[in-house]
Structures are given as structure tokens and as C-alpha cells.
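These notes are meant for someone opening this structure for the first time. They go through it point by point.

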Amino acid sequence: MSVSEAPRGFIPLVFEERTAEEMSDRASRFYDLMRRRRTVRDFTDRPVPADIIQHALLTAGSAPSGAHRQPWHFVVVTDTAKKAEIREAAEREEREFYGRRASKEWLEALAPLGTDPNKPFLTTAPVLIAVFLKRFTLVEDPNGGAPTRLKNYYTTESVGIATGFLIAALHNAGLATLTHTPSPMRFLNALLDRPRHERPYLLLVAGYPAPDANVPVLERYTLDELATFV
Ligand code: IYR
């Protein structure tokens, strides 16, 4: 981060007031769009236009963050060999997870999803976006001295919100995604050449669903179940 990215002063808010009718219409139409999002595990290798990924990343970067520290970094992987390396490392961790690390309770929770240690989507899907969380930001010294460590705040919340924006943006554009969290995923630092103070947060898989893709039958909470109005 350069010092110029820090907030500087105040300007009038640009706020477009909408009619109540337009607001209701937009609210219900946005819900209608978002409720059609499904986590997809079967992708085709059909490439996706770069500008869609770029705009989705800019959308993610518009998320609010603690003290506006923007504690995120995204690595977009489309290279076939790099995807293969990621798959191999992720499957190694997943074999440990399913074979040893996961509790019985966790495996039972996953059973309805039908997941296992094999992650073919990591090489089939055209795009992997590795999301990194920056616990602090390194500010370069303009005089060539040692960089300063600027502490970041609410990093988990901030990166979670940005990732939500990213998933919504990709879905809005017409792509399918999968939030994949190989655990642990420190291997991503070495494979993607990211510094240690950046923690891999999740791996977002994006692309077109396979024509025969299936998704689990599931129900989402109703409004009464998910919210309380006091
Ligand atoms: N990371 C493993 C296990 C897994 C965990 C959860 I929580 C999920 O919602 C899905 C999978 C895997 O990717 O298979």
C-alpha cells in the first residue's frame, strides 16, 4: 500500500435516491438473482473472458474494510501447469483430512454433499482465484529504507465481505463458483509466491458448469427462520 491509498479528507456523498417502488422492485429482483446461485462442483474447461474476472475482482475490491486497509490480495490462476500443482497439493491435504484429520461429526455433516478427497475441478475449471488475507500491509519506504508494517483490522470480516462480493459478481455475470477450502492451505503461499504475512483464505473456483452438473437438494432458511424482528 502506498500512503496515497489511505483516506484523505471528505467529499459529498454521491447518493442516487430511488422511488419506493423502484427500491422494492430492485430488492426483489436482486433476491431472485441471488437465490439462483448454487455451489457447483462440476465444471467444463471452457475459458471465460478475462474482463469478467477483472470486473468481479474490482467489485470485490469495493467491499468495506476495517480502517479501509483493504486487507486482501487475489491471485488468478489460469495456467494449466499451475492448476495441476495446486490440485496435487490440495488433494494431498484432503486425503489427510478425509482419512485422518476430520472428526466423525464433520464427515457426517459433509456426507450429504458427496465430497471426497478428489478435486478434479481444480484442473478442469478455467479459473482459480486464490484469496489471501493480509494480516498487515507493508508500506515501502520512499527513501529505500526498510518497509513499515501497518497493522490491518477486522481482516477476517473484511476479506469475508470482499469474497462475498466476488461470488455475487461472478454469479451476476453468469459464471458458476465453488468455495473451496483445502485445509491447511499454506501450500498456496509457496505455489503462488505470496509472502508469509498473507494467509490463504479460500480458493474460489470459477467457470461454466458441466452440462450434466448436479447439485445437492437443499433448503434455505425462510425469513422467519433466518431473522428476528424486534
Ligand atoms: N475441504 C474439504 C472438506 C469440506 C468442508 C466443508 I465445511 C465443505 O462445505 C465442503 C468440503 C473439501 O473440500 O472436500
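**Notes on the fold**

1. The buried residues of helix 6 are covered by elements that include helix 1 (20-34), helix 2, strand 1, strand 2, strand 5 and strand 6. Here helices (H or I, at least four residues) and strands (E, at least two) are DSSP runs, numbered from the N terminus. Buried means under 20% relative accessible area, exposed over 50%, and partly exposed in between (1.4 Å probe, protein chains only). Contact, on which such cover rests, means heavy atoms within 4.5 Å.

2. The model is predicted: local features need pLDDT of at least 70, side-chain atom pairs count only at pLDDT 80 or more, and totals for chains, interfaces and linings use all residues. Residues are numbered from 1 along each chain as its sequence is written, and side-chain values use heavy atoms, with hydrogens and water left out.

3. The chain holds eight helices and six strands, and from the N terminus on the elements run α-α-β-α-α-α-β-β-β-α-β-α-β-α. Its C-alpha atoms fill a box of roughly 55 × 50 × 40 Å, taken along the principal axes. Of the 230 residues in the chain, 34% are buried. Among contacts between residues at least 6 apart in sequence, 78% join residues at least 24 apart. The chain exposes about 14,800 Å², with carbon and sulfur atoms supplying 55% of it; accessible areas come from the Shrake-Rupley method with a 1.4 Å probe, and for residues only the protein chains shown count as cover.

4. Four strands form an open antiparallel sheet in the order 1-2-6-5. Strand 1 and strand 5 are at the edges with a single partner strand each, so one side of each has no neighbour in the sheet. Neighbouring strands of this sheet are turned by 25° against each other on average, direction ignored. Two strands pair if DSSP finds at least two bridges between them. Axes are lines fitted to C-alpha atoms, for helices over the stretch in contact, and angles run from 0 to 180 degrees between N-to-C directions.

5. Within the sheet, strand 1 and strand 2 run antiparallel and are joined by six bridges; valine 75 has alanine 130 in strand 2 as its bridge partner. Strand 2 (residues 127-134) also pairs with strand 6 (residues 198-207), in the antiparallel sense over eight bridges. In that pairing, valine 127 stands opposite alanine 206, and lysine 134 stands opposite glutamate 198.

6. How many residues of strand 2 are buried? Eight of the eight are, so strand 2 is largely enclosed by the rest of the structure. Val127, Ile129, Val131 and Leu133 point one way, while Leu128, Ala130, Phe132 and Lys134 point the other way. In a regular strand the side chains alternate between the two faces of the sheet.

7. Helix 2 lies across strand 1 and strand 2, at about 165° to strand 1. Helix 6 (residues 155-173) packs on the sheet, where it touches strand 1, strand 2, strand 5 and strand 6, and its direction makes about 10° with that of strand 6. The 19 residues of helix 6 should span 27 Å at 1.5 Å a residue, and its end C-alpha atoms are 27 Å apart, which agrees; the expected span is 1.5 Å times one less than the number of residues. Buried residues of helix 6 include Val159, Ala162, Leu166 and Leu170. Glycine 174 follows helix 6 and has a positive phi, near 110°.

8. The largest nonpolar core has 45 residues, and those with the most contacts inside it are Phe74, Ile86, Ile129, Leu166, Leu170 and Leu192. A nonpolar core is a set of buried Ala, Val, Leu, Ile, Met, Phe, Trp, Tyr and Cys residues joined through side-chain atoms within 4.5 Å. Strand 2 gives the most to this core, with seven residues. Leaving aside neighbours within four places in sequence, isoleucine 129 is in contact with residues including Ile53, Phe74, Leu166, Leu170 and Leu203.

9. Some backbone details deserve a check. Histidine 68, in the loop between helix 2 (50-60) and strand 1 (72-77), has a positive phi of about 50° although it is not a glycine. Histidine 68 is partly exposed, with a relative accessible area of 33%. Glutamine 70 lies in the loop between helix 2 and strand 1, and its phi is near 45°. The peptide bond from serine 183 to proline 184 is cis, with omega near -5°; proline 184 is in the loop between strand 5 (176-180) and helix 7 (187-192).
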